[in-house]
Amino acid sequence: MKNPAKLTLFISLFTIVFFDLRALGSGMLYDVESLIENLGGVTYLYSTIGTIFAIFGAFTILSEWERWKALVSAVKDEVRSLQELWLWSKHFPLSVRKRFRQLLKAYVLSVQSKGWMLLEKGQRHKSVDDILSQMHDEIFLLAKDKTHLLDTSFSLFTELLKYRNERLNLSAANMPAILRNVFILSDALLIGLSLFIGVRSISLAYIFTLAVAVLGYSIYLLIDDLDHPLQAGGWHLTTKDYEELSRTFEEES
């Protein structure tokens, strides 16, 4: 379900709960007049909860945003390493160059079609690892008669492995369960306790509590989206860069 649909469903459920409480208040130990009488103390306590939620939410968003930027950077660097290896391979002996470039193409295609699917589970696809192993073997063949190419080739290949490992690790690194649960609890408290701020006008109460609820739930959706960068959403990392690189390889073949 996409975020707009989730938000629409949430608003519908919140509206039902709000008007049920107002309509059946006394029968559900929800007395608006009593809440209004205690408004001073309640608002002070609620503002404390709101401040704690704001600090906690800001920290969580900042942490997830830093991980998102690092993941995007790892993907860009991996693609750049592949491009450099492709360009550098033109100096290889013909037989090695042809095999090596075929492996580069296969690697990019495998990342697009297979390697992406298992990342959030922290798994590696064996076919991609096999291709990297074969690329390593092809570079080692340069030791026979092209030793001057060996150091740079292995340096570029090492960079590729480094950025790939960064991409895999960042893709699989989700928010710690305790952090996620505490954030959800604080968000639920912010939304739930807003219903206990006594406002005599039902329309005014609905507008303000709905605004708090929508804001709190939207922040949750944002963090959840950032925490799952490979799933479709507002912060969705795609294989676009690899697809463009694959087309470049085909054009230059």
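Guide: A pocket, on a 1 Å grid over the protein atoms alone, is an open set of points where a 1.4 Å probe fits, with protein on both sides within 12 Å along at least five of seven lines; its lining residues have an atom within 4 Å of a point. This is a predicted model, where local features need pLDDT of at least 70 and side-chain atom pairs count only at pLDDT 80 or more, while totals for chains, interfaces and linings use all residues. Residues are numbered from 1 along each chain as its sequence is written, and side-chain values use heavy atoms, leaving out hydrogens and water.

Visitor: Which residues line the second largest pocket?

Guide: The lining consists of Phe10, Ile184, Asp187, Ala188, Ile191, Tyr217 and Tyr220. The space in this pocket is about 150 Å³, a volume being what probe spheres set on the grid points fill, with points joined across faces, edges and corners.

Visitor: Which helices supply at least two residues of that lining?

Guide: Helix H7 (177–194) and helix H8 (202–227) do; helices are DSSP runs of H or I, at least four residues long, numbered from the N terminus. H7 gives the largest share, four residues.

Visitor: How many residues of the lining are nonpolar, polar and charged?

Guide: Six are nonpolar, none is polar and one is charged.

Visitor: Why is the pair Phe53 and Phe183 called stacked?

Guide: Rings of Phe, Tyr and Trp (its six-membered ring) pair if their centres lie within 6.5 Å; planes under 30 degrees apart count as stacked, over 60 as edge-to-face and the rest as tilted. The centres of Phe53 and Phe183 are 5.7 Å apart and the planes stand at 25°, so the pair is stacked. Phe53 is in helix H3 and Phe183 in helix H7, 130 residues apart. Both residues are buried. The count of aromatic pairs comes to ten, and one aromatic cluster is formed by Phe10, Phe14, Tyr217 and Tyr220.

Visitor: What makes Gln112 partly exposed?

Guide: Buried means under 20% relative accessible area, exposed over 50%, and partly exposed in between (1.4 Å probe, protein chains only). Gln112 has 24%, so it counts as partly exposed. Glu66 has 40% and is therefore partly exposed.

Visitor: What does Gln112 touch, apart from neighbours within four places in sequence?

Guide: Gln112, in helix H4, is in contact (heavy atoms within 4.5 Å) with Thr239, Tyr242, Glu243 and Ser246. Gln112 and Glu243 are 131 residues apart in sequence, yet 7.2 Å apart in space, C-alpha to C-alpha. Asp241, in helix H9, touches Val75, Lys76 and Val79, with residues up to four places away not counted.

Visitor: What makes a group of residues a nonpolar core?

Guide: A nonpolar core is a set of buried Ala, Val, Leu, Ile, Met, Phe, Trp, Tyr and Cys residues joined through side-chain atoms within 4.5 Å. The largest core has 32 residues, of which Leu104, Tyr107, Met135 and Leu160 touch the most other members. Two or more residues each come from helix H3 (39–88), helix H4 (94–115), helix H5 (126–140), helix H6 (147–172) and helix H9 (240–252). Apart from this core lies another, of twelve residues, among them Phe14, Phe18, Ile191 and Ala213.

Visitor: Which residues does Leu104 touch beyond four places in sequence?

Guide: Leu104 is in contact with Leu82, Leu85, Trp86, Met135 and Phe249.

Note on methods. Ala, Val, Leu, Ile, Met, Phe, Trp, Tyr, Cys and Pro count as nonpolar, Asp, Glu, Lys and Arg as charged, and the others, Gly among them, as polar.
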